[in-house]
Amino acid sequence: MSGNTLDNPGFRLRASYHHVNREDEVNFGFWVFLMSDAIIFGLIFATYATMVGATAGGPGPKRLFDIGSVAIQTGALLLSSFAYGMASLALRYRSGRGKVIAWLLVTLLLGFVFLGFEVHDFLTMFAKGGSPDRSGFTSAFFGLVPLHGLHVTTGCIWMVVLIVQMLCYGIDDDVRLGIQRLALFWHFLDIVWIAIFSLVYLGGLA
Amino acid sequence: MTLTHFIFGRLGLHSLPFWAAVQHPTLENIINGVIATGAASLVVTGALATVGLITYFGKWRYLWTEWLTSVDHKRIGIMYIVIAFVMLARALIEAVLMRTQQAFGLGGGFLSSEHFGELFSTHGTIMIFFMAMPFLIGLINFVMPQQIGTRDVSFPVMNSVSLGLTMAGAMLVMISLVLGKFSTGGWSGYPPYTEITFSPGVGPDYWIWAVSLSGIGTMMTGINFAVTIYKRRAPGMTLMRMPLFTWTALCTSILMIFAMPPLTVATVLLALDRYLGFHFFTNGFGGNMMNYANLFWLFGHPEVYILILPAFGVYSEVIPAFSGKRIYGYTSLVLATMVIALLSFVVWLHHFFTMGQSAAVNETFGIATMMIGIPTGVKIYDWMMTMYRGRIRFAVPMVYSLGFMMLFVIGGLSGIILANPSIDYQVHNTLFLVAHFHNMLIPGLLFGMLAGYHFWFPKAFGFRLNERWGMASALCWIFGFMLAFFPLYVLGLLGFPRRTVAYYNPIYVPYMAVALFGALIILTALICLVIQLVVSVMQRDQNRVPAGDPWNASALEWSVAAPAPDYNFPVLPEVTARDAFMVAKEHGAAYRPPERFTDIEVPKNSPLGMILCVTGALATFGLVWHMWWLVALAMLATVAAVIWHGFVRDYERIIPADEVREDYMRWLKAVAAAEPVSRNEEFAHENAGLADLHETLEAAE
């Protein structure tokens, strides 16, 4: 359709003619939201970077971080992204509702493993005197890492809601769009976690 | 913890505005108590009167189904503008109160410094977040989808949620007049002053949550508008065929998407400091208050352009319409808009030149700041060239535009002065700065919004506003502004610090008196606006414009009936050129029935926006007063409502093709019945919204 002046001139993922393609529109909107969310993470990363040395005599990264636990979290989250990818493929090749739900449940389980280990880490940090009110450094840490955790929690709730919707309505257009958007969200959180793992944990322990 | 404390948190009798005056009846406490109580009772009686009137006329159902739960972009836009006007009235009265205090402030005045601090904090917060933002968002909401030839925004329910959150924030600011005291930390809320150590009261919490609600709502609005413009333009409307108002709406939306997150981050981190003892911006324990200054102005400077660009868009529509010409230099105006949007992200540091950077850093940001004068200058010249040899009519929107062009250049020059760090060191935090940014925002933003209000009012309600009262208001705004703010430049150069309640040097008094006089004229301007609205509503039958094009304008929104039907366009227009409607008129292609009509899908009403408005207001109210049960309940309700919304499947209704055809034919009859008017008769009762085409063709030659 290129060159046709009557074509819808907006950014397109797929050709559309005289009709707003709802799928493109919704997914594009979610991309834009992620861009905005990325700014939030970026700013909090920057804040962390300026405050990493501000321990005010309190414990620093080497005292507080447990790389073993963080490695398990990283593994769980990356595997969960893989499982979500399988769910997306099941959706795409119409392998049936059962398969999509099964892979989403695997994703969810891995998400819970991630959150469980993360909360455990936080409690350990508290016990070692690394609570957020201790110093600028601990504040920045607890501003950044739990923000990611909160996103993962939101993603988990969303996933449960989508599974229930699938049980109620089957895979209709809204569920399909929901799964597509949650996929973007979930993989986005993976990328953010890789940044946290490298900058906060590896950087802190180096 | 007692039961009362559990239920009411920090809220108690001492939170009432007259309590201090009752407990300790000193003269100062009594005066301030009377003023605060008067303001509080205005809020309470205003709210009660509104509720009473709606009940008396039995309009609750109408209000709920036709307005509050409506997801029609036009109605949401109008509701935004209603919020803007209500909040404008409050913040303007506060401004007059502050001017009065300073006019009598030699040796003390009548307001306590605490009260004065609250006044300038609420004035700034309201004017930016609850007057300017709702006004421009409302205007874009109303106009932009019609200009690009679509039926609604991309996410109509999210639009209603944005409105709900803004409304909740505005409600919170209003409640702060009745219960407790607002922040005294200014509209920018700098820590460490706003930290718990120095401001233990509820004030900064009111500020944090009101601003956060509005910030999140605005971010969603930005996403919504940008996606709408990228995805929903009518067939054939390429980017370079978009009307300039839509261009500025796009740039503003992009700024919202990128600039609102820093605000959210700044306020939430400050909240973590205040509520959970974090040390982001505290004095000790490794806190770093400069992070706040950077975060806030990373938002704050693009915010200035979020405010000004839509106004530029309005001027770019109004000036050609009332000059009887096409816009001059379309491409350069688009480029200038984009350049301003881009530069807005690289100048934030000029808000704190004095906070200890090296000279080289200050210099860099100073030069970047001065560069913004270039694209802005391009715009001014383009508008002047548009007027050159045009057939200019001094309609109210045009008078605002002319006032803007004169005054904005003066304000811009003072901005170039301030952009020089060494001069900024001298006048930093003086009234010179206050004069400068009011000089940008009142002629720049507010005149633009009011011009837009006059320009598009007939489109929204089907009748023109009264010209005479409108003119009186416009002149009062323009001259009142000059009298109120030009003396502030002098006062600033004489070393008068901003945000100062009293002074001891009589040299300031005459300037302060003139400024007060100006403020009273501005108050008169507001009163004229109110009278104008009342008079116009009473005379509405004589000023109807059913044909829909009262100003012989060029964009698509004028190509349909006034007021436009719910679905805007019976058939989506096909665009072949810039100024689509003007081209259609010139080629005799306007007012032609389409070949066939089809069923139209429009979104159904949704209560989600109003539910989130209530839960948002309750949750933040609970947060302010430490009523944790309320916070928990309201948050739970918020999550439940959002999840419930995800299960809704029946969200569209069909308007049958026959109904669309009937509407359209009725409108065509009205067009046929209307007498085409020449531009001389624009303000006469004969103007039914159909332009004399001979004249249009003449202008085209």
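This is a predicted model: local features need pLDDT of at least 70, side-chain atom pairs count only at pLDDT 80 or more; totals for chains, interfaces and linings use all residues.
Of its 266 residues, Met131(B) and Leu172(B) touch the most other members. I noted that α10(B) gives the most to this core, with 21 residues. For background I wrote down that nonpolar side chains tend to be buried together in soluble globular proteins.

I then listed the contacts of Leu172(B), leaving aside its neighbours within four places in sequence. Its partners are Tyr206(B), Trp209(B), Ala210(B), Ala617(B), Thr620(B) and Phe621(B).

**Side of chain B that touches chain A**

I looked up how the two chains meet: 39 residues of chain B are in contact with 38 residues of chain A. On the chain B side, the elements that give two or more residues are α8 (203–231), α9 (244–276), α10 (289–323) and α21 (628–647). The largest share, nine residues, comes from α9(B). I sorted the residues on this side by kind and got 22 nonpolar, twelve polar and five charged.

**A helix pair**

I reminded myself that two packed helices are described by the angle and the distance between their axes. I took helix α5 (residues 73–103) and helix α18 (residues 509–538), both of chain B; their axes come within 9 Å and cross at roughly 160°. An angle over 145 degrees counts as roughly antiparallel, so α5(B) is roughly antiparallel to α18(B). The crossing of α5(B) and α18(B) is left-handed.

From α5(B), the residues making the contact include Leu92(B), Val96(B) and Arg99(B). From α18(B), they include Leu516(B), Leu520(B) and Leu523(B). The residues of this contact divide into 14 nonpolar, two polar and one charged.

**Backbone exceptions**

I noted that most residues other than glycine have a negative phi, and that most peptide bonds are trans. I then looked for exceptions in chain B.

A cis peptide bond joins Pro191(B) and Pro192(B), with omega about 5°. Pro192(B) lies in the loop between α7 (156–178) and α8 of chain B. The bond from Ala562(B) to Pro563(B) is also cis, with omega near -5°. I found Pro563(B) in the loop between α18 and α19 (580–586) of chain B.

Asn429(B) is not a glycine, yet its phi is positive, about 60°. It sits in the loop between α15 (421–427) and α16 (431–461) of chain B. Asn568(B) also has a positive phi, near 65°, and is in the loop between α18 and α19 of chain B.

Are these two asparagines buried or exposed? I counted Asn429(B) as partly exposed because it has 14 other C-beta atoms within 10 Å. Asn568(B) counts as buried because it has 24 C-beta neighbours inside 10 Å.

Conventions: Residues are numbered from 1 along each chain as its sequence is written. Chains are lettered from A and ligands numbered from 1 in the order in which they are written. Two residues are in contact if their C-beta atoms, placed from the backbone, lie within 7 Å. Helices (H or I, at least four residues) and strands (E, at least two) are DSSP runs, numbered from the N terminus. Ala, Val, Leu, Ile, Met, Phe, Trp, Tyr, Cys and Pro count as nonpolar, Asp, Glu, Lys and Arg as charged, and the others, Gly among them, as polar. A nonpolar core is a set of buried Ala, Val, Leu, Ile, Met, Phe, Trp, Tyr and Cys residues joined through C-beta atoms within 7 Å. A residue is buried if 20 or more other C-beta atoms lie within 10 Å of its own, exposed if 12 or fewer, and partly exposed in between; C-beta atoms are placed from the backbone. Axes are lines fitted to C-alpha atoms, for helices over the stretch in contact, and angles run from 0 to 180 degrees between N-to-C directions. Angles under 35 degrees count as roughly parallel, over 145 as roughly antiparallel, 65 to 115 as roughly perpendicular and the rest as oblique. A crossing is left-handed if the near helix is turned anticlockwise from the far one by less than a right angle, and right-handed if clockwise.
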